[in-house]
Amino acid sequence: MPWLGLGVYKAAEEGNEVQKAIIEAVELGYRSIDTAAFYENEVGVGEGVRNSGIDRVQLFITTKVWNSEQGYESTLNAFNRSMKKLKMDYIDLYLIHWPVKGKYLDTWKALEKLYEEGYVRAIGVSNFQKHHLEDIFQQSSIVPAVNQVEYHPLLQQTDLLAYCQSKHIQMEAWSPLCRGKLMDNASLQLIGDKYGKSVAQIILRWDIQNQVVTIPKSVNPDRIKSNAEIFDFELDIEDMNTIADLNEDKRVGPDPDHFDF
């Protein structure tokens with residue numbers, strides 16, 4: 001799984017917006033694309049992959065089952081719909097989008113079946129807290145490969161990260177740039193000036209050095225390019241600690257334990 005991917009939340013199929021973003025990203029070296037049934041752009045993602053100019057096997061494609069489709073049989077049906085929209089023979093990573101109470105364990109059983117039958121290369125979860133993961137461990141021998149969660153300097157979830165690492169679950173950051181709320185942060189601007197990098201690049205580099213996969217979303221070619229330019233420098237320990245001190249346990253998205261499913 002690549003450390004950097006392209007998120008396509010809110011990237012529209014209309015006007016080929018999502019398709020153009022994927023083609024641009026692949027040309028710039030991206031090899032991971034993250035979508036979901038809820039994003040309503042899986043058709044465009046599939047078109048973008050097929051028109052990207054490289055073989056499907058070189059790309060890492062993630063999609064997710066939405067809350068209203070969770071449950072054993074309904075998840076299998078939802079997966080089939082996603083496959084038809086994407087027009088792919090397999091998915092690299094299939095995630096449970098949110099831990100819907102009373103359903104996510106049956107949903108996980110469906111993901112296990114898809115994994116065992118070879119339709120997905122890896123299965124995982126999104127927005128799961130420690131207690132949700134422990135529920136899965138009680139019923140399953142298959143450990144989620146990934147836990148995709150809100151993660152940025154204002155919400156660092158260090159306990160969850162440590163727990164996932166102890167269980168060999170790869171943490172992945174959605175909304176890594178905090179929906180743009182950190183672009184004017186003075187501390188991050190100073191660090192950016194030190195390395196000749198933007199605040200966004202500093203944050204994404206911080207993700208990588210914390211061993212968190214990151215998937216910033218954009219349809220802007222310049223930003224897609226800029227977001228990828230994070231592998232030619234390394235933050236020193238002082239700067240890593242400065243960013244760690246920014247944590248406020250502040251979410252910009254829903255709380256998984258208080259989500260209106």
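**A chat about a predicted model**

Biologist: Tyr39 first: buried or exposed?
Modeller: Buried, with a relative accessible area of 15%. Keep in mind that this is a predicted model.

Biologist: Why does 15% make Tyr39 buried?
Modeller: Because the cut-off for buried is under 20% relative accessible area, and Tyr39 has 15%.

Biologist: Where does Tyr39 lie?
Modeller: In the loop between strand E2 (32–34) and helix H2 (42–50). UniProt's unreviewed entry puts the annotation "active site" on Tyr39. That label comes from the record, and such annotations may be inferred rather than shown by experiment.

Biologist: OK, and what is Tyr39 in contact with, leaving aside neighbours within four places in sequence?
Modeller: Val8, Tyr9, Asp34, Lys64 and His97.

Biologist: His97 then. What does UniProt list for His97?
Modeller: "Binding site", again from an unreviewed entry. In the model, His97 lies in the loop between strand E4 (91–96) and helix H4 (104–116).

Biologist: Is His97 buried or exposed?
Modeller: His97 is buried, at a relative accessible area of 7%. Not counting residues up to four places away in sequence, His97 touches Ala36, Phe38, Tyr39, Lys64, Val65, Trp66, Asn67, Ser126 and Asn127. Lys64 is also among the contacts of Tyr39.

Biologist: Switching to the sheet. How many strands, and in what order?
Modeller: 8 strands, in the order E1-E2-E3-E4-E5-E6-E7-E8, forming an open sheet with parallel pairing. Strand E1 (6–7) and strand E8 (213–214) stand at the edges. Each has a single partner strand, so one side of each has no neighbour in the sheet.

Biologist: How many bridges do E5 and E6 have?
Modeller: E5 and strand E6 (residues 146–150) pair over 2 bridges, in the parallel sense. Val125, for one, has Asn147 in E6 as its bridge partner.

Biologist: And how many bridges join E6 to E7?
Modeller: 5 bridges, with the strands running parallel. Glu150 has Trp174 in E7 as its bridge partner. Strand E7 (residues 170–174) is mostly covered, with 4 of its 5 residues buried.

Biologist: New topic: helices. Which residues of H7 are buried?
Modeller: In helix H7 (residues 186–195), Leu188, Ile191 and Gly192. Those residues cover an arc of only 100° around the axis, which puts them on the same side of H7. The face turned away from that buried side carries Ala186, Leu190 and Asp193, which are exposed.

Biologist: What covers the buried residues of H7?
Modeller: The cover includes helix H8 (199–209) and helix H10 (237–244).

Biologist: What happens at the start of H7?
Modeller: A side-chain oxygen of Asn185 reaches to within 3.0 Å of the backbone nitrogen of Ser187. Just after H7, Gly196 has a positive phi of about 70°.

Biologist: Last one, Gln201 in H8. Buried or exposed?
Modeller: Gln201 counts as buried, at 5% relative accessibility. A polar atom of the Gln201 side chain lies 3.0 Å from the backbone oxygen of Ser226. Leaving aside neighbours within four places in sequence, Gln201 is in contact with Ser226, Glu229, Ile230 and Phe233.

How values were computed:
Residues are numbered from 1 along each chain as its sequence is written. This is a predicted model: local features need pLDDT of at least 70, side-chain atom pairs count only at pLDDT 80 or more; totals for chains, interfaces and linings use all residues. Side-chain values use heavy atoms; hydrogens and water are left out. Buried means under 20% relative accessible area, exposed over 50%, partly exposed in between (1.4 Å probe, protein chains only). The arc is that of the directions from the helix axis to the C-beta atoms. Contact means heavy atoms within 4.5 Å. A polar contact is a pair of N or O atoms within 3.5 Å; within protein, one must be able to donate a hydrogen and the other to accept it, and residues adjacent in sequence count only if both atoms are side-chain atoms. Two strands pair if DSSP finds at least two bridges between them.
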